[in-house]
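Welcome! Have a look at the model below, and then we can walk through some of its features together.

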Amino acid sequence: MDVVVASSSIEAGIGCWDLHTGAEQLRYKLCASPPHGLVCVGQRFLASSQLREPSASGSVQYWSWSKPQVDVKSFPAEQIKPLAANSEGTYIVGGGLSGNIYLWEVASGRLLKKWHAHYRAVSCLVFSDDDSLLISGSEDGGIRVWSLLLIFDDFRRQQRSQLYEHDFTGHALCVTDVVTGYGGGNAIIVSASLDRRCKVWSISKGKLLRNIVFPTIVDAIALDPGEHVFFAGGRDGKIYVAALNAESTSDSKHGLHIINCFSNHSNTVTCLVYSISGNCLISGSEDGVVRVWDAKSHNIVRVFKHAKGPVNNILVIRQQLSQMNSQSSSRRHGSSLPPPLEKYPIAEDPTDLMAVIGRQATCSNSTEALYLRSDVINGQIKELQQQGSASAEMEIERLKHDYERSIQMVQQWKKMYDNLHQFCVNELLDGDQVGIPNGNAA
């Protein structure tokens, strides 16, 4: 069963409908998501960032398939706007207002990586089809491509002057949407911006392939599975069809490379998704309506009405029979969703500490990672000291003990490294001695 899931920027909850029958499924409560802030994690549950109050820190919420109430609520270090999850649902990535990107492990909730990605807020995030790359768009107009292998390789990160693989800077204003095709590192990227332009980029070549100017601002794009065309949702309520490869004449009434246009929305088209199984295009709008279009004829197949307010996120999720049975089971026995996402990267055991410290180029640099960890702990201590409660004092003592334990672990590792280094040197010297020919030999 293919399920259409739609959310709104106001407190209108999340609506779900069967794509093929139109039957409404369970409606999830208490959700006010930003654009690109709704994601399905490994087909197991829904996650959404929340931005209700500009002065608040924001939150990330989880809903199980089986009940409408929020199951898990997390409070990251800053407001998170876009969310993305890899296909297996092992990682959740969030983009912050500061331009930082956060990468969490879903099963444990651990914050594994955090890095400064853009000069301004991150506006959209998407994984490549093989999950090897993360593509981010920003309010600064930039698009950057990140290799997850590099992000997790502390040694290679130290050798690089920058973390990103590509930095595409062709847009003059905020990036509103980013989609990627098939092929991992050989795929194309299509981006949209407030500058009324959609750009097609090559990841493998690292360059711009096509620039298309639209008669209106484009907030949403969706790729045709054959990658012959893409669909662009405009603020004039129209959906434009643009050519990815074929040349089009400059006398087109819509503009160069824009080959068609259709419309039925009375307001801005805010989101677009292409469903391969139904060979249809699903659009959401500020008019609060979700429309399902036949991809070839551009006729409306089905209409879903959201409870109230604008629709700003749409997902199409394929649920198997086994998933539906597990939903019934979770209704009876209670849901078992992962724990909340951690606010800070805290290491609780030697293996966790190793992940924070990473591999070092030389033994003398091993204490640099300790300073990184101490900065994190000191930041937590200052935050707790401001609270001034008894529980905060207890937490401060725990953090101090954790810090002392970290120092001991680093010293132990340094000693182990020195011993291993000396052993290897001795083995090499002994091998050289064995290889020297005897002076009395013929």
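Is Cys271 buried or exposed? Cys271 counts as buried, at 8% relative accessibility. Here, buried means under 20% relative accessible area, exposed means over 50%, and partly exposed lies in between, using a 1.4 Å probe and protein chains only.

## Before we start

This is a predicted model, in which local features need pLDDT of at least 70, side-chain atom pairs count only at pLDDT 80 or more, and totals for chains, interfaces and linings use all residues. Residues are numbered from 1 along each chain as its sequence is written, and side-chain values use heavy atoms, with hydrogens and water left out.

Strands (E, at least two residues) and helices (H or I, at least four residues) are DSSP runs, numbered from the N terminus. Two strands pair if DSSP finds at least two bridges between them.

## Around Cys271 and strand β24

Cys271 sits in strand β23. Its C-alpha atom is separated by 9.4 Å from that of Val290, which is 19 residues apart from Cys271 along the chain. Strand β23 pairs with β24 in the antiparallel sense over six bridges, and Val273 stands opposite Ile282 in β24. The two strands form a hairpin with four residues between them, and Asn279 in the turn has a positive phi of about 50°.

Strand β24 (residues 280-285) is largely enclosed by the rest of the structure, because six of its six residues are buried. Cys280, Ile282 and Gly284 point one way from β24, while Leu281, Ser283 and Ser285 point the other way. On to the next partner: β24 and β25 pair in the antiparallel sense over five bridges, with Asp294 in β25 as the bridge partner of Cys280. The hairpin of β24 and β25 has three residues between the strands, and Gly288 takes a positive phi near 80° there.

Strand β19 is joined to the antiparallel strand β20 (residues 229-234) by five bridges, and the partner of Val218 in β20 is Gly234.

## The largest pocket

Rolling a probe the size of a water molecule over the atoms shows where empty space is left. A pocket is an open set of points on a 1 Å grid over the protein atoms alone, where a 1.4 Å probe fits, with protein on both sides within 12 Å along at least five of seven lines; lining residues have an atom within 4 Å of a point. About 1,600 Å³ of space lies in the largest pocket, a volume being the space filled by probe spheres set on the points, which are joined across faces, edges and corners.

The lining of the largest pocket has 48 residues, and Val126, Val273, Tyr274, Leu315 and Val316 lie nearest its centre. Strands that each supply at least two residues of this lining include β11, β19 and β23, while β27 gives the most, with seven residues. The lining divides into 28 nonpolar, 13 polar and seven charged residues. Ala, Val, Leu, Ile, Met, Phe, Trp, Tyr, Cys and Pro count as nonpolar, Asp, Glu, Lys and Arg as charged, and the others, Gly among them, as polar.

## Two loop residues with positive phi

Most residues other than glycine have a negative phi. Arg196 has a positive phi of about 70° although it is not a glycine, and lies in the loop between β16 (188-193) and β17 (197-202). Arg196 is partly exposed, with a relative accessible area of 33%.

His298 is not a glycine either, and has a positive phi of about 65°. His298 is in the loop between β25 (289-294) and β26 (300-305), and is buried, with a relative accessible area of 16%.
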